[in-house]
Amino acid sequence: TFTVATAPVPPAIGVSPTSPSFTAIKGGADPATQTLSISNTGGGTLNWTAVDNASWLTLLTLLGQASGTGNAVVTISVSTGTLAVGTYTGSIIISATGATSITVPVTLNVKKQRHR
């Protein structure tokens, strides 16, 4: 008897949107939060972690689990604080055991306040 078994499909990280962006007015309120959907586009179970690399960027959900086609959501917030007018870039790095890590670029545009 000869049996052929298929190798299990490893988990794979899927994200949406692939490059969130925020716009704020200098001296105004911080922009509304946005969500990043994380899904397992492969097989098995996806045990993921997410970290950011910018002081103005905050993730409100830091780890979770998405299995099969189920989704998990990370809430992204930004704080303009004392940032000068300009464009800032940061990243969210999502990693999981057995899956290739994904880097999601995040852009923050801080604009001048219009004078009337």
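**Exercise 1. Find the residue in β9 that is the bridge partner of Phe22, then describe how the two strands pair.**

Solution. Start at Phe22 and look across to β9: its bridge partner there is Leu108. This model is predicted, so keep in mind that local features are given only where pLDDT is at least 70. Next, widen the view to the strands. Strand β2 covers residues 21–25 and strand β9 covers residues 102–111. The two pair in the parallel sense, over 5 bridges.

**Exercise 2. Work out how β8 pairs with β9, and which residue of their hairpin takes a positive phi.**

Solution. Begin with the pairing: β8 (residues 86–96) runs antiparallel to β9, and 9 bridges join them. Now go to the turn. The hairpin has 5 residues between the strands. Within this hairpin, Gly98 has a positive phi near 80 degrees.

**Exercise 3. Give the strand order of the open sheet of 4 strands, and explain why β1 and β5 stand at its edges.**

Solution. A reminder first: strands of a sheet pair through backbone hydrogen bonds, either parallel or antiparallel. Here the order is β1-β3-β7-β5, and the pairing is antiparallel. β1 (13–16) and β5 (57–59) are edge strands because each has a single partner strand, which leaves one side of each without a neighbour in the sheet. From one strand to the next, the twist averages 30 degrees. Inside this order, β3 (residues 34–40) and β7 are joined by 6 bridges and run antiparallel. As an example of residues facing each other, Ser39 stands opposite Asn71 in β7.

**Exercise 4. Decide whether Ser77 is buried or exposed, and list its contacts beyond four places in sequence.**

Solution. Locate the residue: Ser77 lies in strand β7, residues 71–78. Its relative accessibility is 16%, and buried means under 20%, so Ser77 counts as buried. Setting aside neighbours within four places in sequence, Ser77 touches Thr33, Trp56, Leu57, Thr58 and Leu60.

**Exercise 5. Name the residues with the most contacts inside the largest nonpolar core, and trace what surrounds Ile94.**

Solution. The largest nonpolar core holds 26 residues, and Trp48, Ile92 and Ile94 have the most contacts inside it. At least two residues of this core come from each of β1, β2, β3, β4 (45–52), β5, β7, β8 and β9. Then zoom in on Ile94. Leaving out neighbours within four places in sequence, Ile94 contacts residues including Ile13, Val15, Leu36, Ile38, Trp48, Ile102 and Val104. Its contacts also include Thr49, Ala50 and Ser101.

Notes
Residues are numbered from 1 along each chain as its sequence is written. This is a predicted model: local features need pLDDT of at least 70, side-chain atom pairs count only at pLDDT 80 or more; totals for chains, interfaces and linings use all residues. Side-chain values use heavy atoms; hydrogens and water are left out. Buried means under 20% relative accessible area, exposed over 50%, partly exposed in between (1.4 Å probe, protein chains only). Contact means heavy atoms within 4.5 Å. Two strands pair if DSSP finds at least two bridges between them. Axes are lines fitted to C-alpha atoms, for helices over the stretch in contact, and angles run from 0 to 180 degrees between N-to-C directions. A nonpolar core is a set of buried Ala, Val, Leu, Ile, Met, Phe, Trp, Tyr and Cys residues joined through side-chain atoms within 4.5 Å.
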